[in-house]
Amino acid sequence: VNTCGMMVAEEWVKGEPTGRYFVFGSYLSDKAKETRAHVKEIHKLSPGKRPIAYGGAHAESGWREAWAHAGVPVFAPCFNGLWVQINTLWMAFEQNKLIVFSDLQNVIDELRTMSREIDSEDDTPIPDRIKDESKYHRIAALRYLGTRLFRNLYRKLARGEKPDTDNMPF
């Protein structure tokens with residue numbers, strides 16, 4: 001249930017990658033299915049391509065093996081930490097390295113509505129918590145993918161170069 005995939009293509013100009021990526025599709029299943037059924041749907045969204053994926057916790061190797069056996073290799077995220085992943089993704093958006101097609105309203109809506117969980121006692125954000133996190137499967141998928149695509153932005157964060165979180169939409 002809630003298996004999600006994001007379709008992302010890398011931009012190339014004159015035979016060279018530009019470092020920009022375009023989100024052109026998403027898959028979110030609200031029904032429990034066998035892995036092969038999910039993989040079949042993923043392949044329909046990217047005909048003629050060999051999709052790969054990133055997701056889950058590092059310890060969740062069993063389901064990644066099942067997906068690989070069914071035809072889509074799934075790799076563990078390159079780094080953990082909810083806010084590090086979100087900040088890396090935000091930096092990618094901010095630097096125009098990640099672009100979401102305007103017809104993907106479901107993805108745009110998730111980006112616009114996701115927010116931090118707030119402590120009701122002192123009105124401050126709760127570390128590593130997203131309000132109603134179970135509603136944001138597409139953003140989770142983008143976060144995991146972003147750990148691979150935007151490792152250099154993560155390295156900036158690791159060196160202490162933080163994004164302007166005051167202007168984050170969430």
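Trainee: What should I know before I start looking?

Mentor: The model is predicted, so local features need pLDDT of at least 70 and side-chain atom pairs count only at pLDDT 80 or more, while totals for chains, interfaces and linings use all residues. Residues are numbered from 1 along each chain as its sequence is written, and side-chain values use heavy atoms, with hydrogens and water left out.

Trainee: OK, what order do the strands of the open sheet have?

Mentor: The three strands of the open sheet come in the order 1-2-5, with mixed pairing; strands (E, at least two residues) and helices (H or I, at least four) are DSSP runs numbered from the N terminus, and two strands pair if DSSP finds at least two bridges between them. Strand 1 (4-13) and strand 5 (98-100) are the edge strands, each pairing on one side only.

Trainee: And in which sense do strand 2 and strand 5 pair?

Mentor: Strand 2 (residues 16-28) pairs with strand 5 in the parallel sense over three bridges, and Val 23 stands opposite Val 100 in strand 5.

Trainee: Which strands does helix 5 lie across?

Mentor: Helix 5 lies across strand 1 and strand 2, and runs at about 40° to strand 1; axes are lines fitted to C-alpha atoms, for helices over the stretch in contact (heavy atoms within 4.5 Å), and angles run from 0 to 180 degrees between N-to-C directions.

Trainee: At what angle do helix 4 and helix 5 pack?

Mentor: Helix 4 (residues 105-113) and helix 5 (residues 137-149) pack at about 85°, with their axes 8 Å apart, and they are therefore roughly perpendicular (65 to 115 degrees) to each other. Among the residues that meet there are Val 107 and Leu 111 in helix 4, and Ile 139 and Leu 142 in helix 5.

Trainee: Switching topic, where is the hairpin?

Mentor: Strand 6 (residues 116-118) and strand 7 (residues 125-130) pair in the antiparallel sense over two bridges, and they form a hairpin with six residues between them. Asp 123 in the turn has a positive phi of about 60°, and Ile 118 has Pro 125 in strand 7 as its bridge partner.

Trainee: Last one, how many disulfides are there?

Mentor: The count is zero, where a disulfide is a pair of cysteine sulfur atoms within 2.5 Å.

How values were computed. Parallel < 35°, antiparallel > 145°, perpendicular 65-115°, else oblique.
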